[in-house]
Amino acid sequence: MRINELFFILFVLNLKDFFYRKKKYSIDTNGVVTKKSFSNIALIKYWGKQKNKIQIPLNSSISYSLEDVYTVTRLIYHLKERKKRNFSVRVFFSGKEENRFIPKILEFFHRISFYCSYLRDFHFVIETENTFPHSSGIASSASSMSALALCIMEIERKLVSSLKEDFFLRKASFLARLGSGSACRSIYPGLVVWGIHKSIKGSNNLYAIPYPYQVHPIFTEMVDTILVIDEEPKEISSSKGHQLMNNNPYAKERFKCAHKNMERLISILKVGDLQDFGELIEHEALSLHAMIMTSHPYFLWMKPNTLNVLYKVWDFRKQSRKNIYFTLDAGANVHLLYPIQEKKFIMKLIDNDLLSYCKKIIESFCK
Ligand code: PMV
């Protein structure tokens, strides 16, 4: 635990409620909880963490939760007969035991045990499934860490019967953040903000909040069609990528720009200007990729087919004047964002001109 984070928690935001201190349990000794959590796609990207702190962003970010792209996790718990200091966990992914996920989960448990002291008292079996390919640039760590955080909070709810719903979600977001930064945004549906921004009331670095301002109806009915161009695991993990921002020569300007883009997005969301929205999210996506391309060492996440798709989208937009825009995550896949009213035309474009560049497509409402 970093001293200044602890200080922030206890005194600035008065989050001491996040600590669980009860010694005796009134829980059944065995049980199972099941939770579903969305993936999310950032419009303003989180890229870069504060040094020597656990998952504290260097700029605020905002995402859409993806209603149809999600993880379902079952957390089976058995109260240990004798208390031991070690965590005890087995992980099954799509029905198969997967020991490769254990180190990440143990690290997560270690980080959150400060706030969930009961974790060491149980044996856990985690059974998890995604509706989308693992490690393909679709935020699998966001939906899986947030689903696990929600399951843990469901156990806490059994321990503390008076737990209120807003506290449940806030602490779930706080815990999820400690597993994977962007996971804290997956706790809520719709538009979700994480990270302090002076113009967003309630925004903070420790957990995400639902976007608190007026949103034009056009932005409540958006679709994300994900063009999966590459299903292979990424060459560089996002934690390594965040770290590279510490020495990126353009990092300072990037954080300033993200801050300004958030300011712009607030008014775009209010007035419903789709063209400005599109220009802003494409700029954000390319800025994220520019950061990884200019890091030391440098990487290129885009594949030739990523570029083929981007050029086709620009051409199609010019010719048809339809509102279709792209954003990118930390990978080669392309997210096409458009209002539901445009779906018929866009599906035609995808079928005729884009499908040949993709391994598969995944469709989701941004809700
Ligand atoms: O949550 P992490 O550490 O995997 O970071 C992911 C960051 C991006 O997905 C690239 C952008 C974002 O804001 O989601």
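The expected span of a helix is taken as 1.5 Å times one less than its number of residues, and helices (H or I, at least four residues) and strands (E, at least two) are DSSP runs numbered from the N terminus. The model is predicted, with local features needing pLDDT of at least 70 and side-chain atom pairs counting only at pLDDT 80 or more, while totals for chains, interfaces and linings use all residues. Residues are numbered from 1 along each chain as its sequence is written, and side-chain values use heavy atoms, leaving out hydrogens and water.

**View 1. Helix α6 and its span.** Helix α6 covers residues 251–271, and because its 21 residues should span 30 Å at 1.5 Å a residue, the 30 Å between its end C-alpha atoms agrees. After α6 comes G272, which has a positive phi, near 80°.

**View 2. Two cysteines without a bond.** A disulfide is a pair of cysteine sulfur atoms within 2.5 Å, and the structure holds zero of them. The sulfur of C116 lies 13 Å from the closest cysteine sulfur, in C151, which is too far for a bond, and C116 counts as buried at 0% relative accessibility. For C358, the closest cysteine sulfur is in C366, 17 Å away and too far for a bond.

Note on methods:
Buried means under 20% relative accessible area, exposed over 50%, partly exposed in between (1.4 Å probe, protein chains only).
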